[in-house]
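Work through the exercises below with the sequence and the model side by side. Each task is followed by a worked solution.

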Amino acid sequence: MILDKIVDYKKKRVEEEKQQLPLGKLMEELSCIHPPRNFKKLLSKENQLAIIAEIKKASPSKGVIRENFDPVEIAVCYEESKVEAVSVLTEDKFFQGNNAYLKQVRSITSCPLLRKDFIIEDYQIYQSKLLGADAILLIAAILTKQQLVDFQKIAQEVGLYCLLEVHNAEELEKVLEAEGEIIGINNRNLKTFKTTLKTTEKLMTSIPKDKVIVSESGIHTRQDMKFLQALGVNAVLIGEGFMVADDIGKKIREFRG
Ligand SMILES: O=P(O)(O)OC[C@@H](O)[C@@H](O)c1c[nH]c2ccccc12
């Protein structure tokens, strides 16, 4: 499965990164770090579907999605369009992201930033903070319940929100037991890459009302937005839908209606 491949590569990649900047040094640099921008509050506005807009050049299923890709230019556009938060893909092999994008984007926007990557070790959490993230993604499919608990604790200590991602009932149960507060439902089946908003519809019913719910992937139209809003979702995470647009600002206005 693709996730296994990504995680194998990630393990090697993190080892290289540790060589370049060992944990001890990284922690020293963290001592004078930014307070987080309030990711959670911005996603839980009443009567409004919040948008987390993603900066994503490529994906394993689609290859390159946006040829003329300038992360800073996209971030400026997202900010001008007043999205609630921005997600920056930093995974370099399968999504053609880069850690540097996060740093660059932070300096030019005041939106809260989600680091979109495959976190499998403590090291990456501290690194996310140093790169300028306000929130990190924790993917239940690749982490144990204990890791979800431990990683959330570290994130809280350094001042990072966590978006806990699930795509089936077992993963959701694990995330609820780990007491995640912001839950992302990934509409993409990671084996077939197919997306269906029914995944959100189905899993939503088992999530307590006090959680913030984000529907992720496969959101392509104003209709999709309306459907999710009617379900009571708090926020949507959209990558491709914006990345394929020539005029991203116009696309966002269209989605908002
Ligand atoms: O481009 P889409 O279909 O709008 O999807 C965005 C986002 O949900 C997707 O990029 C994503 C969801 N979970 C992930 C985990 C890792 C990498 C990427 C993702």
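**Annotation and conventions**

The UniProt annotation "domain: Indole-3-glycerol phosphate synthase", from an unreviewed entry, covers residues 3–255. UniProt positions are given in the numbering used here, feature names are shortened, and annotations may be inferred rather than shown by experiment. Residues are numbered from 1 along each chain as its sequence is written. This is a predicted model: local features need pLDDT of at least 70, side-chain atom pairs count only at pLDDT 80 or more, and totals for chains, interfaces and linings use all residues.

**Exercise 1.** Find the strands that pair with β5 (residues 113–116).

Solution. Helices (H or I, at least four residues) and strands (E, at least two) are DSSP runs, numbered from the N terminus. Two strands pair if DSSP finds at least two bridges between them.
- Step 1: β4 (residues 85–89) runs parallel to β5, with four bridges; Val86 stands opposite Leu113.
- Step 2: β6 (residues 135–139) also runs parallel to β5, joined by two bridges; Leu114 stands opposite Ala135.

**Exercise 2.** Which way do the residues of strand β5 point, and are they buried or exposed?

Solution. A residue is buried if 20 or more other C-beta atoms lie within 10 Å of its own, exposed if 12 or fewer, and partly exposed in between, with C-beta atoms placed from the backbone.
- Step 1: In a regular strand the side chains alternate between the two faces of the sheet.
- Step 2: Leu113 and Arg115 point one way, Leu114 and Lys116 the other way, and all are buried.
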